[in-house]
Amino acid sequence: MTAPVANLIPFDVEAVRAEFPILKETVHGKPLAFLDTAASAQKPRAVIEAEKDLYEHYYANIHRGVYKFSQDATEAYENSRVAIARFINAAKPLECLFVRGATEGINLVAQTWGRVNIKAGDEILLTEMEHHSNIVPWQILAEEKGAVVKAVPIHDDGSLDMDAYRAMLGSGRVKILGAAHISNSIGTQNPVKEMIRLAHDAGAVVLIDGCQAAPHLKIDVQDLDADFYAFSAHKMYGPTGIGVIYGKERLLDAMPPWQGGGDMIKTVTFAGTTFNDLPYKFEAGTPHIAGGIAFKPAIEFIERIGHDAIHAHEADLLEYATRQLGSLNSVRLIGTAPEKGALVSFVMDMAHPHDIGTILDRQGIAVRAGHHCAQPVMDRFGIPGTVRASFGVYTTRDEIDRLVAGLNKVMDIFG
Amino acid sequence: MTSETTTLDDVLDTFEFLDDWDERYKFIIDLGRRLPPLAASEMTDDFKVRGCQSQVWLIPERDADGRIRFRGDSDAHIVKGLVALMLLIYNDKTPEEILAVDARGLLERLGLASHLSPQRANGLFSMVERIRTIAGAAASA
């Protein structure tokens with residue numbers, strides 16, 4: 001391993017943009033400035049072509065047919081799993097379960113691992129910055145089992161209160177920690193490796209919501225020692241409707257199946273059923289074949305650009321956006337933790353986030369406005385929501401300049 | 001256009017003269033700013049209009065003639081302007097008159113018809129639905 005030399009890696013953002021057909025679109029007569037990549041990323045041509053290629057040339061159901069198309073499609077689908085395992089450094093591909101997305105992955109863990117491991121009085125520890133997808137599945141489980149959901153507080157800058165975290169682990173009743181690697185609403189990057197170590201010392205299992213991290217950081221689930229790690233393809237320049245829940249083989253083996261149906265069984269009689277091996281035990285029914293197959297070119301796209309280059313590019317955008325928005329008196333940034341993902345969240349006293357988002361939309365600038373499915377963190381800061389501009393490989397400084405100009409228009413209209 | 005007695009016709013006339021989208025938004029925002037705010041105690045779940053991403057409240061009141069007058073508010077300026085527009089369209093009408101209003105036709109004249117779909121985040125569709133539901137219940141009562 002050589003040390004990262006991020007600043008020496010040539011990064012041609014225009015060449016990257018040329019791979020994304022949608023970026024040539026105009027909105028309300030203005031060139032599109034797409035600053036909502038944290039909600040869902042746009043797709044490079046290789047991803048679009050992979051789905052088209054399947055449907056035009058070798059589509060068939062997988063894991064069933066003895067004929068060529070079925071075998072070809074099965075091989076492409078399983079090759080995708082192998083690429084994903086390599087991408088996150090899973091010990092084995094069978095530890096990567098295909099699901100609809102991170103939300104389904106977290107629900108799967110709550111409903112299977114949780115069903116057999118959580119009892120009355122147990123504590124499920126989350127953080128105050130979690131997405132609803134990493135709160136509600138645990139609340140449903142806690143309700144069923146008589147367990148308690150607690151949230152680790154965050155500091156005013158949006159970073160996690162690690163002292164409070166250590167103290168809460170000290171109860172001795174925490175069975176699982178669910179934590180975002182990077183917050184979708186305020187961008188905080190949590191020290192998950194340290195958090196996992198502390199949780200394990202306290203006897204707890206850890207699920208990391210990696211949705212916002214997987215498109216931006218090199219993920220190594222073995223180095224992190226994560227027990228479960230969830231992410232969605234559509235945030236990684238891949239197709240919608242497919243994602244992965246990684247789980248350690250030992251844990252997945254011990255978990256009961258979730259949904260019953262085809263693919264997840266070995267033998268079925270009315271007297272009883274024996275379940276299939278990993279990963280199929282958790283993959284009932286015909287899956288999102290095209291999504292699974294087109295996930296691979298998305299991963300290869302990220303690998304081809306390279307994590308170091310992506311990180312350098314996005315860190316520059318984050319620094320630039322923070323500086324430019326910080327120079328506007330009426331803009332207040334929410335989430336200024338030292339370690340952040342590539343997004344800025346902010347409010348303006350003169351207008352509601354939806355007002356700001358609407359005026360920006362008229363100028364061809366797409367941002368997210370609202371609570372970002374993270375109402376507890378909005379409550380923490382006493383605001384109804386924020387405007388969030390989030391960046392990806394194709395984002396340019398010019399687009400951030402347009403955001404700033406757009407906000408000047410907001411000030412003109414509402415000021 | 002800043003008098004307290006703006007009518008729907010005034011709005012329709014003015015809109016025809018406003019070419020720029022930002023002038024139109026400013027006009028709608030101004031309509032909202034002149035709407036008397038609801039008291040915090042009135043902003044209850046009962047009066048909240050579901051389906052709007054920002055918060056919207058509509059409170060119906062009926063006079064002795066059976067006409068319905070709505071008061072409304074929102075925490076977002078543009079949406080509050082749309083609330084004001086809804087009140088201009090629907091206020092002081094009988095339930096039957098409310099149900100006979102061609103909301104789509106009016107919004108088309110304002111160039112806002114595209115906002116009248118259930119998927120739009122501004123909640124215009126939900127506001128119209130709520131007003132029509134209230135009028136429908138009053139008409140059949």
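**Figure 1. Burial and overall build of chain A.** Buried residues make up 57% of the 415 residues in chain A; buried means under 20% relative accessible area, exposed means over 50%, and partly exposed lies in between (1.4 Å probe, protein chains only). The model is predicted: local features need pLDDT of at least 70, side-chain atom pairs count only at pLDDT 80 or more, and totals for chains, interfaces and linings use all residues. Residues are numbered from 1 along each chain as its sequence is written, chains are lettered from A and ligands numbered from 1 in the order in which they are written, and side-chain values use heavy atoms, with hydrogens and water left out. Chain A holds 14 helices and 17 strands. Helices (H or I, at least four residues) and strands (E, at least two) are DSSP runs, numbered from the N terminus. The C-alpha atoms fill a box of roughly 70 × 55 × 45 Å along the principal axes. The radius of gyration of chain A is 22 Å, which agrees with the value near 22 Å for a compact globule of 415 residues. That radius is taken over C-alpha atoms, and the globule rule is 2.2 Å times the number of residues to the power 0.38.

Figure 2. Of the contacts in chain A with a separation of 6 or more, 72% join residues 24 or more positions apart. Contact means heavy atoms within 4.5 Å. The accessible surface comes to about 16500 Å², and 54% of it belongs to carbon and sulfur atoms. Areas come from the Shrake-Rupley method with a 1.4 Å probe; for residues, only the protein chains shown count as cover. Chain A carries 39 positive and 51 negative side chains, with the centres of the two sets 2 Å apart. Lys and Arg count as positive, Asp and Glu as negative; His and the chain ends are not counted. Each charge is placed at NZ of Lys, CZ of Arg, CG of Asp or CD of Glu.

**Figure 3. Ser133(A) and His132(A) in the loop between E5 and H5.** Ser133(A) sits in the loop between strand E5 (123-127) and helix H5 (136-145). His132(A) lies in the loop between E5 and H5 too. Ser133(A) counts as buried because its relative accessibility is 13%. His132(A), at 22%, counts as partly exposed. The side chain of Ser133(A) makes a polar contact of 2.8 Å with the side chain of Thr103(A). A polar contact is a pair of N or O atoms within 3.5 Å; within protein, one must be able to donate a hydrogen and the other to accept it, and residues adjacent in sequence count only if both atoms are side-chain atoms. Not counting residues up to four places away in sequence, Ser133(A) touches Thr103(A) and Ile106(A). With such neighbours again left aside, the contacts of His132(A) include His371(A), Cys373(A) and Pro376(A). The C-alpha atoms of His132(A) and Glu56(A) are separated by 38 Å, though the two are 76 residues apart along the chain.

Figure 4. The peptide bond from Leu278(A) to Pro279(A) is cis, with omega near -5 degrees. Pro279(A) is in the loop between strand E12 (272-275) and helix H10 (289-305). Tyr237(A) has a positive phi, near 70 degrees, and is not a glycine. Its loop runs between strand E9 (228-232) and strand E10 (243-247). At 0% relative accessibility, Tyr237(A) counts as buried. Asp263(A), not a glycine either, has a positive phi of about 75 degrees. Asp263(A) is in the loop between helix H9 (249-254) and strand E11 (265-269). Its relative accessibility is 14%, so Asp263(A) counts as buried.

Figure 5. Chain B has six helices and two strands. Their order from the N terminus is α-α-β-β-α-α-α-α. In helix H1 (residues 8-17), the buried residues are Leu8(B), Val11(B), Leu12(B), Thr14(B) and Phe15(B). An α-helix has 3.6 residues a turn, so residues three or four places apart point the same way. The cover over the buried residues of H1(B) includes helix H2 (21-33), helix H3 (77-90) and helix H5 (103-109). Thr6(B) is in the segment before H1. Thr6(B) is buried, with a relative accessible area of 11%. A polar contact of 3.1 Å joins the side chains of Thr6(B) and Arg34(B).
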